[in-house]
Amino acid sequence: MLEVQNLSVNIQNKTIIENITFEVMPGEVLAVLGPNGAGKSTLFSALTGERLPATGQVLINQQPLSAISDNLRATQIGVLPQSSALSFAFSCYEVVSMGRIPWATGKDKDAEIIQQAMEQVDAWHLCDRIYTSLSGGEKQRIHLARVIAQITTDNQQAPRLLLLDEPTSALDPSHQHLTLQLARQLTASNTAVLVILHDFNLAARYADKIMVIKEGKQVVLGEPPEVLKPGLIKEVFDIESQIINHPTYQVPVVLLG
Ligand SMILES: Nc1ncnc2c1ncn2[C@@H]1O[C@H](COP(=O)(O)OP(=O)(O)OP(=O)(O)O)[C@@H](O)[C@H]1O
């Protein structure tokens, strides 16, 4: 679904992302971890087409991102940036309904999809609220619902890509898990998910693979137990850690400090 080959991105003549290669297949969740300033959001902006690569390329279903029509992009690729500014007095229902703009599925079908997306993020009770009056976490869940509504289709075979930049940053622990569970669930309907996170344990629990970047370079890419090791965590994040095995899920649990 998403193939990134030898990608470099420059900002103001400075290399921010250097020679990164990876892929995410439908059915997979890839978590991207890295310290502040590592280049995660810059990488994200190249995946969404907001920034052009200096070298390398981003392919979606073997096609360069730039060759994909706007409509196909809008129905296949859901993008949740770190923050989405919206200062008009839209209701939450209206905000989520914006996700259906690329579709011509009709009012009734759209209403069903919008409600389902809002229920999935535990925000249906907010549907009549004015978006600007919401808390930070509530706003983040509304935007997630909008993006989910945008890539929802009855055609379960249609390959889709969900790009999430720190989708849990404003959420309480229960909604953090809900968000990642939802991302996981979406992989069952031919969706590939790339998610930028700061939480090792959310990544370990929900991602198939973790890619760690530091100073714009890919340090490691592999399954959570291969990646989450005290030596790497110290080297990249400059913090001591111990790793134990989760007794229920058999995934690494990182104890920091
Ligand atoms: N528009 C810009 N002009 C100059 N430097 C920039 C610009 N955007 C990003 N940078 C720099 O590029 C580097 C990578 O930034 P980026 O936002 O990609 O990091 P990040 O890994 O997403 O960090 P965080 O975890 O803090 O969100 C940083 O040093 C940042 O200061």
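Predicted model: local features only at pLDDT ≥ 70, side-chain atom pairs only at ≥ 80, totals over all residues.
Where is the place of Asp-122? Asp-122 sits in the loop between H4 and H5.

Let me start with the annotation. The UniProt record, an unreviewed entry, carries "domain: ABC transporter" over residues 2-240. That span is 35% helix and 26% strand. Its end C-alpha atoms lie 33 Å apart.

Strand S1, residues 2-11, runs antiparallel to S2, and seven bridges join them. Within that pair, Leu-2 stands opposite Val-24 in S2.

On to strand S8, residues 191-196. Six of its six residues are buried, so S8 is largely enclosed by the rest of the structure. Both faces are covered. Thr-191, Val-193 and Val-195 are buried on one side. Ala-192, Leu-194 and Ile-196 are buried on the other.

What does S8 pair with? Strand S3, residues 29-33, runs parallel to S8 and is joined to it by four bridges. Strand S7, residues 160-165, is also parallel to S8, over six bridges.

Leu-163 takes us to the core. The largest nonpolar core has 71 residues. Which residues have the most contacts inside it? They are Ala-31, Val-96, Ala-145, Leu-163 and Ala-183. Helix H5 gives the most to this core, with six residues. Take Ala-31 as an example. Leave aside its neighbours within four places in sequence. Ala-31 is then in contact with Val-195, Leu-197, Ala-203, Ala-207 and Ile-210. Val-195 is one of the buried residues of S8.

Next, helices. H1 covers residues 40-47, and its buried residues are Lys-40, Leu-43, Phe-44, Ala-46 and Leu-47. They span an arc of only 160° around the axis, which puts them on the same side of H1. Just after H1, Gly-49 takes a positive phi of about 90°.

H4 is the other helix to look at. It runs over residues 107-120, 14 residues in total. From first C-alpha to last it reaches 20 Å, close to the 20 Å expected at 1.5 Å a residue. Which residues of H4 are buried? They are Ile-113, Ile-114, Ala-117, Met-118 and Gln-120. Their arc around the axis is only 160°, which places them on the same side of H4. What do they pack against? Helix H3 (92-97), helix H5 (136-150) and helix H6 (173-186).

Now back to Asp-122. Most residues other than glycine have a negative phi. Asp-122 is not a glycine, yet its phi is positive, about 60°. The residue comes just after H4.

Where does Glu-215 lie? In the loop between strand S9 (209-214) and strand S10 (217-222). Glu-215 is partly exposed, with 15 other C-beta atoms within 10 Å.

Last stop, Leu-255. This residue lies in strand S12, residues 252-256. Leu-255 is exposed, because 12 other C-beta atoms lie within 10 Å and the cut-off for exposed is 12 or fewer. Which residues does Leu-255 touch? Not counting residues up to four places away in sequence, they are Ser-241, Gln-242 and Ile-244. For a sense of distance, pair Leu-255 with Ser-189. They are 66 residues apart in sequence and 33 Å apart in space, C-alpha to C-alpha.

One is S8, with both faces covered. The other is Asp-122, in the loop between H4 and H5.

Notes: Residues numbered from 1 in each chain as written. Helix = DSSP H or I, 4+ residues; strand = E, 2+ residues; numbered from the N terminus. Expected span 1.5 Å × (residues − 1). Buried ≥ 20, exposed ≤ 12 C-beta atoms within 10 Å, placed from the backbone. Arc of directions from axis to C-beta. Contact = placed C-beta atoms within 7 Å. UniProt positions renumbered as here; feature names shortened; annotations may be inferred. Core = buried A, V, L, I, M, F, W, Y, C linked by C-beta atoms within 7 Å. Pairing = 2+ DSSP bridges.
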